[in-house]
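Me: Hi! I have a new protein open and could use a hand reading it. Can we go through it together?

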Amino acid sequence: MTEVSSPAGVRPVTAADGSPWRVVVQGAAALAVGMGVGRFAYTPILPLMEHQAGMSASMGSDLATANYAGYLAGALLGIFIPGIARSRLALRASLLLIVATLALMPVTEIPGLWLALRLIAGVASALLFVISSSAMLARLHRGAQHLVGWGFGGVGLGIALSGVLVLAVQSASASSWRTAWWSSAVLAAALSAAGWALRPEPPGEATVLQRHGDLPRTHRWFAALLASYSLEGVGYIIAGTFLVAAISQNSPGWLGGGSWVVVGLAALPASAMWAYLAQRRPRSTLLLCALALQAAGIALPSLAGGIAPALVSAVLFGNTFVAISSTAVAIGTHLQFPRSVAILTAGYSVGQILGPLAVKPLLGSGYHGALLVGAFIVLAAAVAAAALRIRFPHRVGAMVEPSRTASFRETRES
């Protein structure tokens, strides 16, 4: 019987790529730079900037929005310039930009320059996400697909390491928000060295289904997925930006930063855990469960104070937000929707821009109301994910190697 390749034309790892684990480590390092440090080091540094640099909560929200606007711009580049997802130059330039923007944040106190730096960092973060996730999905063959979950765990690694750094800065006698940014830049540089050799997704030959114009009709499921993932972008980013500040309001100073370290540690194995579950349960069901758990985790600090609720919230949030991203990307790839990773990232980005803006009027009285709004929006994302499950096409037409065209009709799944 004719051999069928992995879904969506995935090319297996070859000797030129190195071992599957090398691909995972390099992809995880790149994601740790772009997402874990480049984007989320800001979360534990935010309270320091408010206390030491006199930055207002409103300005903090504006900086978050600028970063997310840049993330959208990077995602749109991935849609309109598809080749950028296969560009090693774009990968390495993005790594360097993240390091540079982190290092330059403490050099100035001019709000306009801060906004510009966070905007540029957002562009680089999106490109690193699109390039790294596409590279891992393309280079890991079917037998190693579960390893992609560990690759996405790089986001959690970056969050945990940057959180520990900021905690160390806070505990130092001469702690300052500037030192926190410079320490994050050094961390990003070290991780960039580990991800520097990642080989982006190779330019692939058109698959048989693409050449014959016989792409499966999965638009309605992809529309539900896009709606769910975009709403998740709104809700999760509210917690991703303000969770530490919200916990710090009514708790010991160490607990806010400590909870962010817990978020990273929980995120590190989360994608691999959910990928393991995906071998036994439909991904559409797992996406719904993860969204429901995340909504509960986001709401918890607003409903109950103290150490235990804060830590449970951090575990639930960390265990789900990276897993939701990796699961959504995997579903989009399964549906064989063209440029699914870039389109989903763009929808997520629009949601992230809207998130801080939606709760900005509530920040004058603290962050707890903002977290409740975020939890409600994530519940709406769960409703959209429930619609995704209606007659979900668990078996989409198989993609075969271009060299196997003669037996295509024999191997295509219904």
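Me: How many helices and strands does the protein have?
Reply: There are 17 helices and zero strands; both are DSSP runs, H or I over at least four residues for helices and E over at least two for strands, numbered from the N terminus. This is a predicted model, where local features need pLDDT of at least 70, side-chain atom pairs count only at pLDDT 80 or more, and totals for chains, interfaces and linings use all residues. Residues are numbered from 1 along each chain as its sequence is written, and side-chain values use heavy atoms, with hydrogens and water left out.

Me: What pLDDT does the protein average?
Reply: The average is 82, and 83% of the residues score at least 70. pLDDT is the predictor's confidence in each residue, from 0 to 100.

Me: And which elements have the lowest and highest mean pLDDT?
Reply: Helix α17 (residues 408–411) has the lowest, 34, while helix α4 (residues 88–104) has the highest, 96. Over residues 398–414 the pLDDT is below 50.

Me: New topic: what share of the residues is buried?
Reply: Of the 414 residues, 57% count as buried, meaning under 20% relative accessible area, with exposed over 50% and partly exposed in between (1.4 Å probe, protein chains only).

Me: Where does Leu-77 lie?
Reply: Leu-77 sits in helix α3, residues 57–80.

Me: Is Leu-77 buried or partly exposed?
Reply: Leu-77 is partly exposed, because its relative accessible area is 31%.

Technical notes: Contact = heavy atoms within 4.5 Å.
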